[in-house]
Amino acid sequence: MAESNLGGLMMYFVNKEYLEQATFLSAGTFISDQPWIHKERIIDSYEIISPVDSTLYIESNNVPYAIESGEILVVPPHTLHRGLKVYQGRMKFHWLHFSAA
C-alpha cells in the first residue's frame with residue numbers, strides 16, 4: 001500500500017503505481033438547512049459525492065440517481081450533472097475533487 005500526504009489529507013492507494021495517477025484538488029462537506037438544489041454544472045475533474053444523513057437526488061450524464069447515506073457517486077470529468085429535487089430540510093454531503101493522469 002502506498003500513501004501520499006496532501007496538505008494534511010492522507011490518500012491511500014492499493015498499488016503504489018496509482019500514486020502518480022491521481023491528484024487531489026479539493027474536498028469539503030456541504031451543509032444546508034435552507035431550500036437547496038445542486039446546480040447544473042460541468043467540471044473538468046472527477047467528483048466523489050457521499051451523502052451523510054439524507055438522500056441526494058442527482059442526475060449525471062442524463063441518468064438519475066438516489067444516493068443514500070453511506071453510498072458514493074463518482075462523476076467523471078466533463079459530465080453534466082445536476083440536482084433533481086429541491087431539499088426543504090437538512091442536506092449534508094461530503095465531496096472530493098481529483099484529477100487523473
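Let me start with one term: two strands count as paired if DSSP finds at least two bridges between them. Keep that in mind for the sheet. One caution as well: this is a predicted model.

Now, the pairing itself. Strand β5, residues 56-60, is joined to β6 by 5 bridges. The two run antiparallel.

What about the whole chain? How many helices and strands does the chain have? There are 0 helices and 9 strands. Of the 101 residues, 30% count as buried. The chain exposes about 6300 Å², and carbon and sulfur atoms supply 52% of that. Look at contacts with a separation of 6 or more: residues 24 or more positions apart account for 66% of them.

Last stop, S50. This residue is in strand β4, residues 46-51. Is S50 buried or exposed? Its relative accessibility is 16%. The cut-off for buried is under 20%, so S50 counts as buried. The S50 side chain reaches the backbone oxygen of E71 at 2.9 Å. Leave aside neighbours within four places in sequence, and S50 is in contact with G70, E71, I72, F93 and H94.

Definitions and conventions. Residues numbered from 1 in each chain as written. Predicted model: local features only at pLDDT ≥ 70, side-chain atom pairs only at ≥ 80, totals over all residues. Heavy atoms only, no water. Helix = DSSP H or I, 4+ residues; strand = E, 2+ residues; numbered from the N terminus. Buried < 20%, exposed > 50% of the residue type's maximum accessible area, 1.4 Å probe, protein only. Polar contact = N/O pair within 3.5 Å; in protein donor to acceptor, adjacent residues only side chain to side chain. Contact = heavy atoms within 4.5 Å. Areas by Shrake-Rupley, 256 points an atom, 1.4 Å probe, with all protein chains shown as cover.
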